Amino acid sequence: MRGPVMKIEDIAVRYGDCWSIRSATITLEPGVIHAILGENGAGKSTLLKAAAGFAPRVAGTVRIEDGRGFGAQDAAGDPKPQAWTNAIGMVHQHFMLVSAFTALENLVLGSEPTGSFGRLDLAKARREAEALMETTGLRVNLDARTSDLAVGERQRLEILRVLYRGARAILLDEPTAVLSPLEAEELYTTLGALAEGGATIAVVTHRMDEVLRFAGHVTIMRRGRTVLSRPITADERDHPKRLEDELTRAIMGGEPPPEASPPALAEDAEVALSIEDLVLVDAAGKRVLDGLCLAVKKGEIVGIAGIEGNGQRELVRAVAGLEPGVAGSIVLGGARLPAVRSTEDLRKRRRAIAVVHEDRHADGLMLDATVGDNLVLGELGQIDGPAAEAALIKRRIDRFGVNPPDAARRAGELSGGNQQKVVVGRALDRIEASPERALVVLGQPTRGVDVGAAATIHGAIVAAAEKGLAVLVVSADLGELRRLAHRILVLHRGRIVTELPPTSSDDVIGRAMLGMEDA
Ligand SMILES: Nc1ncnc2c1ncn2[C@@H]1O[C@H](COP(=O)(O)OP(=O)(O)OP(=O)(O)O)[C@@H](O)[C@H]1O
C-alpha cells in the first residue's frame with residue numbers, strides 16, 4: 001500500500017482576520033516518518049489540516065501524486081475528490097471518538113460494511129477489524145466501551161479507524177502527548193512498520209527525543225512559516241546533540257532557554273501534605289486507588305511517574321476534592337482535609353490548593369468562553385472590579401506568553417499549547433497570591449507545550465516551591481520529572497510502589513512503572 005507523495009506549496013491559511021499559516025512549503029514522501037516541530041501556535045495542526053484538505057486556505061496548492069493522479073487542490077479547493085478523503089487520514093490532537101460506542105462501532109463509524117437490505121453487518125465489520133489488527137499489530141478490545149479504554153488504546157483505535165478507511169497517508173497531530181514513554185515507543189514501532197510498508201506518515205510533536213530517534217525527515221514551523229525542512233541522516237542519529245541544538249534554535253528563533261532545576265530543600269523542612277491509605281473503588285468494582293500513601297514537604301517538588309491509567313487522574317481529583325467516594329486521609333499543614341460537601345467547601349480547598357487536571361478540555365477550560373474569562377475562571381466575586389480583573393488577565397497573559405495575547409478571543413480558537421498555558425498559568429498565578437497557599441498539584445503540566453513555554457511553566461513551578469509550597473507533579477514525561485523533582489514516586493495499580501532519585505535512568509523508572517520488583 002504505497003502512500004502518495006504530498007506536495008504542499010506556499011500555502012496560506014486564515015481564520016477570520018487571523019493568519020494561521022503565512023507561507024508553508026513541505027513535501028511528504030512515503031517510506032519515512034516526517035516529524036513537524038515548532039512553537040505553540042506556529043501553525044503545525046493547521047498544516048496537517050490543510051494537507052488533509054480541510055483548512056480554509058487562501059493561497060497555495062496541495063498536490064497529491066500517487067501514480068493514479070489525484071491532482072492538485074488550489075486555494076479554492078472544495079469539494080475535495082473522494083479519493084483524496086479516503087487516501088489521507090488524520091488523527092487529531094483531541095480524539096474524535098464517540099465514547100458511548102464500542103471500539104468496533106467507532107472503528108467502522110462512517111464506513112460501515114452493510115449486508116442485505118443495507119443493514120449494518122457487524123460480523124463482517126468484526127472480521128475486517130480482526131484482520132486489520134492482525135496485519136498492523138495494533139490491538140484494542142473491540143467490545144469495550146470506548147469511554148472505558150485507556151488513552152493509549154483510544155489512540156490505537158483512532159489509527160485503526162483511519163487505516164480501516166483505506167488511508168495510505170496518515171497525519172498525526174501530537175499523538176504521543178497523551179501516551180506514556182512505553183506506549184509512545186510502541187506507537188513509533190507501528191508507524192515505522194507502516195512507513196516501511198510504503199505509507200506516508202507525518203507526525204506533529206513537541207518531543208525532541210522522538211524526532212532524534214524515529215524521524216527520517218524533519219520540518220520546523222515558526223510563526224506560520226516553514227523555516228527548515230530536511231532529512232535526518234543515520235550519522236546524525238548516532239550523534240544527536242548537534243542536530244538537537246540546530247532544531248531547537250530553529251524552533252525558538254534563537255538560543256534555547258536555560259533548564260529549570262529544583263530549589264534547595266532545607267533538611268528540616270516540615271511535611272506539608274500527607275496522604276494516608278487512599279482507596280477509591282470505581283463503578284466496576286476496581287480499586288483504582290489502592291492504599292496510596294505519600295508525603296510532600298514544604299518547598300519540595302515530588303514527581304509521580306506511572307503508566308497512564310494507574311490512578312494518576314483519580315489521585316489528582318481526590319486531592320482537589322472531586323472524588324466523594326474516596327476513603328483514607330489527606331492531611332495538609334497538620335489538619336485533615338474534611339470531605340467536600342458544598343461549593344463553599346470546594347472554595348476553601350481551592351484557597352490552599354491549586355490543581356491542574358490532565359484533561360484540559362474536560363476539567364480546565366470553557367472553550368466557548370473568552371481567554372480572559374478562562375484566565376479568571378473560579379475567581380468570580382473575588383476580584384476588585386473590572387479594571388483589576390483586566391489587569392490580572394493581562395498579567396497572566398504576559399507572564400505565561402499566551403499567544404495571541406488577546407483576552408477577547410475564544411479559548412477554543414487558541415492552539416493546544418496556548419490553551420495549556422491558560423490552564424497552568426491561572427492555577428499557578430492564583431495560588432501564589434493566596435494567603436492560605438499550601439500545595440500545587442499538576443497533572444501533565446506541559447502536555448502539548450513547546451520548549452520555550454515549558455521553560456516558563458517549569459520556572460513558575462520552581463518559583464512556587466521557592467515560596468514554600470509543596471508541589472506534586474504527575475507527568476508522562478520522565479525528562480521533565482528528572483529536571484524538576486527532588487524525588488520521583490512510581491505509581492502502579494493505585495499505589496506508590498517505589499521511590500527513586502531523579503538521576504534514575506528511563507530504564508529503571510520504566511521497569512518500576514511496569515511493577516517489576518527489581519526496579
Ligand atoms: N479555528 C480557528 N479559529 C481561529 N484561529 C485559529 C483556529 N485554529 C487555529 N487558529 C490559530 O492559528 C494559529 C496556528 O494554530 P495551530 O493550532 O495550527 O498551531 P500549532 O502549531 O499546532 O500549535 P500547538 O503546538 O499549540 O498545538 C494559532 O494562532 C491559532 O490561534
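Reader: What should helix α4 span, at 1.5 Å a residue?

Author: This is a predicted model, in which local features need pLDDT of at least 70, side-chain atom pairs count only at pLDDT 80 or more, and totals for chains, interfaces and linings use all residues. Residues are numbered from 1 along each chain as its sequence is written. Helix α4 has 15 residues, 122-136; helices (H or I, at least four residues) and strands (E, at least two) are DSSP runs, numbered from the N terminus. The expected span is 1.5 Å times one less than the number of residues, and the end C-alpha atoms of α4 agree with it, so the value is 21 Å.

Reader: Which residue just after α4 takes a positive phi?

Author: The phi there is about 75°. The residue is glycine 137.

Reader: How confident is the predictor, and what does the protein average in pLDDT?

Author: pLDDT is the predictor's confidence in each residue, from 0 to 100. In the protein, 95% of the residues score at least 70. The model has ipTM 0.97 and pTM 0.78. The average pLDDT is 88.

Reader: What radius of gyration does the protein have?

Author: The radius is taken over C-alpha atoms, and the globule rule is 2.2 Å times the number of residues to the power 0.38. For 519 residues, a compact globule would have a value near 24 Å. The protein agrees, at 24 Å.

Reader: How far apart are the C-alpha centres of domain 1 and domain 2?

Author: Domain bounds come from an automatic or database domain assignment. It gives domain 1 (5-98 + 168-252) and domain 2 (271-513). Their C-alpha centres are separated by 31 Å.

Reader: Which helix gives the largest share of the side of domain 1 that touches domain 2?

Author: Contact means C-beta atoms, placed from the backbone, within 7 Å. By that rule, 16 residues of domain 1 meet 19 residues of domain 2. On the domain 1 side, α6 (181-196) and α9 (240-252) each supply at least two residues. The largest share, three residues, is from α9.

Note on methods:
Two residues are in contact if their C-beta atoms, placed from the backbone, lie within 7 Å.
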